[in-house]
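Please walk through this model with the coordinates open.

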Amino acid sequence: MSLENRHLLGLEGVSKNDIQLILDTAETFREVLERPIKKVPTLQGKTIVNLFFESSTRTRISFELAERRLSADVVNFSADMSSLKKGETLKDTARNIEAMKIDMVVMRHGAPGAALFLSKVINSVIINAGDGSHEHPTQALLDLYSIREKYNHIEGLNVCIVGDISHSRVALSNIHGLKTMGANIAVCGPATLIPRELDRLGVKIFNRIDEAIEWANVLNVLRIQLERQDKSFFPSLGEYRKYFAVTKDKIQKINKNITIMHPGPINRDVELSADLADGEHSIILQQVLNGVAVRMAVLYLLGTRS
Ligand code: CP
């Protein structure tokens, strides 16, 4: 079994079979992560470069751990310490790194389409670790894995993505992945942070958080991305908190076992109350753990694809 595509640039257009293959493979690697020695020789001899042009905690460390646990040789590139500072272009940077005989590149970049661009200028396998507000496919895959782990299925579940949908690569990748896997999808947030095209993708839109909580089995709460907003999309953080924050009070009004997810980093007590983030409904740290297994699966499947 191998993936249809050579690269993982996004989840748009990725088939149900491929998503299922990644999730099933991740289950095997999840078991490896429970062993005393969390390492397998699968990618021995392969060289992977992590090109991060934007800050990251979870994704960068998760990819590096996944690569090392597959026994790959790993090089970390940090834009701040590179010759980009002297004016070198992304294309020249990538081509020079590739000249040193590498196999795969994991890239995070602030520009939507940067991973696609890279796949056209070098021959290495490219994995998108987040390109601006476009896609973050491995985040959505680990979200799908975590939902499947909790419910044993994805099809038919009601999943609502809450918050800043317009600026979120996590939202877009989740919408593509959830749709392919047969979930019912909704979004909830201020109208100014919800793209109008979403109803054409079959996504339900809630303007009131209470209605979203009533409908959903799973709430995937997104960070309010103040750094990507060039104007104010809501009057104040206080207003946002009042109308859209997911809090214990709002959840307790509805007597059901809802699951709370968040891709991180969390603005505690802004989009999600701290007690809920750390409480019984939350699977946030499970998502982080599953992320390593899912990235091992993606690296393995792409790194050994014939
Ligand atoms: N979820 C996520 O992408 O987190 P980081 O920005 O810390 O990588």
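This is a predicted model: local features need pLDDT of at least 70, side-chain atom pairs count only at pLDDT 80 or more; totals for chains, interfaces and linings use all residues.

Residues are numbered from 1 along each chain as its sequence is written, and side-chain values use heavy atoms, without hydrogens or water.

Searching the whole structure gives five aromatic pairs. Rings of Phe, Tyr and Trp (its six-membered ring) pair if their centres lie within 6.5 Å; planes under 30 degrees apart are stacked, over 60 edge-to-face, and the rest tilted. F53 and F77 have ring centres 5.4 Å apart and planes at 50°, so this pair is tilted. F53 sits in the loop between β1 (47–52) and α2 (58–69), and F77 in strand β2 (residues 73–78), so the pair ties together parts 24 residues apart in sequence. Helices (H or I, at least four residues) and strands (E, at least two) are DSSP runs, numbered from the N terminus. Both F53 and F77 are buried, meaning under 20% relative accessible area with a 1.4 Å probe, protein chains only.

F234 and Y240 are also tilted, because their planes stand at 45°, with centres 5.1 Å apart. Both F234 and Y240 are buried. With F244, they form one aromatic cluster.

Now the helix. The 15 residues of α5 (residues 137–151) should span 21 Å, and its end C-alpha atoms are 21 Å apart, which agrees. The expected span is 1.5 Å times one less than the number of residues. Twelve of the 15 residues are buried, so α5 is largely enclosed by the rest of the structure. Among them are P137, L141, Y145 and R148. Just after α5, N152 takes a positive phi of about 70°.

Note on methods:
Buried means under 20% relative accessible area, exposed over 50%, partly exposed in between (1.4 Å probe, protein chains only).
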